[in-house]
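This report goes through some local features, helix contacts and a pocket of one protein model. Please look at the sequence and the structure first.

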Amino acid sequence: MNQTLWNRIEFSLLAAGVIIAGGLWGFVELSEIARDAAPHAFDTDILLFFREAGNPADPIGPLWMEEAMRDITALGSASVLIYITAITIIYLCMVRRWGPALFVFASVAGGQVLSSLLKLGIDRPRPDLVPHLAQVYTMSFPSGHAMLSAVTYLTLGALLARFLPGRAATVFVFGIAILTTVMVGISRVYLGVHWPSDVLAGWCAGFAWATLCWLVSRKLMKSDGEAQ
C-alpha cells in the first residue's frame, strides 16, 4: 500500500513538471508570434472562422449564441473571479484554514500580477481584423481572461480535491475547471477581442502558474505537518 501511495505521489510530481515545462515552452513560442509585426495565418484564419463569410462584423450562429458567449466570457472577468476568490478566502478564514486561504490568495493574486506584467512586456495590440463584440481596455497578449480563469478555477479545483472522497470526484472537478477555462478562451476569440495565440498563451501561462503554486503549497503544508 505504501508503494502504491509513493507511485501516485511520483506520478503527480511528474505530471506537474510536464505541465509547467510545457506551459513555459508554449508561452515562449507563442510570444514570438505575438512580437511579429504582421498577424500569422494561424491567427487570422481562426478569427475569421467565427465570422460569416464576406461579413466579418457578423459572428457565426444565431443571435442567442452571441449573447451566450458574452455570458460565458464573464466567467473569466476580473469582477467575477475576484468575487469567487474573495468568498472562498473569507470562508476559509472563518473556519480557520489559514494555509489554504493563503494558497488561494497567493495563486490568484500572483496570477493577476503576472498577467499584467506579461501584457506590458509584450505590448501586443488587440485584433483589428474584425469588430469587437465586447469592451476591452488592456493589451492583447496574453489573454487575461484565459490565463486568470485557468489560475482561479484550477486553484479552486486543487483545493476541493483535498476533501473529495475518490478519484472519480477529483476527475470531475478538474474536468469542470478545465472545461470552464476552455469555454472562456473560445469566447474571447468568438467576440473578436483576442487573437487565438493570445488565448493559447493565456492557457499556457495559467496552467503553469497554477501548477507551480500547487507544488509550492504542497511542499509548505508537508513541511508544516512534519514540524508538528
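## Loops, helix packing and a pocket

Arginine 96 sits in the loop between helix H4 (78–94) and H5. The model is predicted, and in it arginine 96 has a positive phi of about 60 degrees although it is not a glycine. Another loop, between H5 and H6, holds proline 142. The peptide bond that leads from phenylalanine 141 to proline 142 is cis, and its omega is near -10 degrees. Most residues other than glycine have a negative phi, and most peptide bonds are trans.

The next topic is how the helices pack. Two packed helices are described by the angle between their axes and the distance between the axes.

| Helix pair | Angle between axes | Distance between axes |
|---|---|---|
| H3 and H7 | roughly 130 degrees | within 8 Å |
| H4 and H6 | roughly 25 degrees | within 10 Å |
| H4 and H5 | about 160 degrees | 8 Å |

What does the angle of about 160 degrees say about H4 and H5? Angles over 145 degrees count as roughly antiparallel, and H4 and H5 are therefore roughly antiparallel to each other. Their crossing is left-handed. On the H4 side the contact consists of Thr85, Thr88, Ile89, Leu92 and Cys93, which meet Trp98, Pro100, Ala101, Val104, Phe105 and Val108 in H5. Sorted by class, the contact of H4 with H5 has nine nonpolar residues, two polar ones and no charged ones.

H4 also packs against H6, with axes that come within 10 Å and cross at roughly 25 degrees. Because of this angle, H4 is roughly parallel to H6. H4 passes H6 in a left-handed crossing. From H4, the contact takes in Val80, Leu81, Ile84, Thr85, Thr88 and Leu92, and from H6 it takes in Leu148, Ser149, Thr152, Tyr153, Leu156 and Leu159. The contact of H4 with H6 has eight nonpolar and four polar residues, and no charged residues.

H3 passes H7 in a left-handed crossing. Met65, Glu66, Met69, Ile72 and Thr73 are the H3 residues in this contact, and they meet Met183, Val184, Ser187, Arg188 and Tyr190 in H7. By class, the contact of H3 with H7 has six nonpolar, two polar and two charged residues.

Helix H3 (63–74), helix H5 (98–122) and helix H6 (144–161) are the elements that give two or more residues to its lining. Which of the helices gives the most to the lining of the second largest pocket? H5 does, with four residues. The lining has 20 residues, and Ala78, Arg126, Thr138, His145 and Arg188 lie nearest the centre of the pocket. The lining residues divide into six nonpolar, eleven polar and three charged. Arg188, one of the residues nearest the centre of the second largest pocket, is also among the H7 residues that meet H3.

Methods: Residues numbered from 1 in each chain as written. Predicted model: local features only at pLDDT ≥ 70, side-chain atom pairs only at ≥ 80, totals over all residues. Heavy atoms only, no water. 1 Å grid on protein atoms, 1.4 Å probe; cavity = no way out; pocket = protein on both sides within 12 Å on 5 of 7 lines; lining within 4 Å. Nonpolar A, V, L, I, M, F, W, Y, C, P; charged D, E, K, R; others polar. Axes fitted to C-alpha atoms, helices over the stretch in contact; angles between N-to-C directions. Left-handed = near helix turned anticlockwise from the far one by under 90°. Contact = heavy atoms within 4.5 Å. Parallel < 35°, antiparallel > 145°, perpendicular 65-115°, else oblique.
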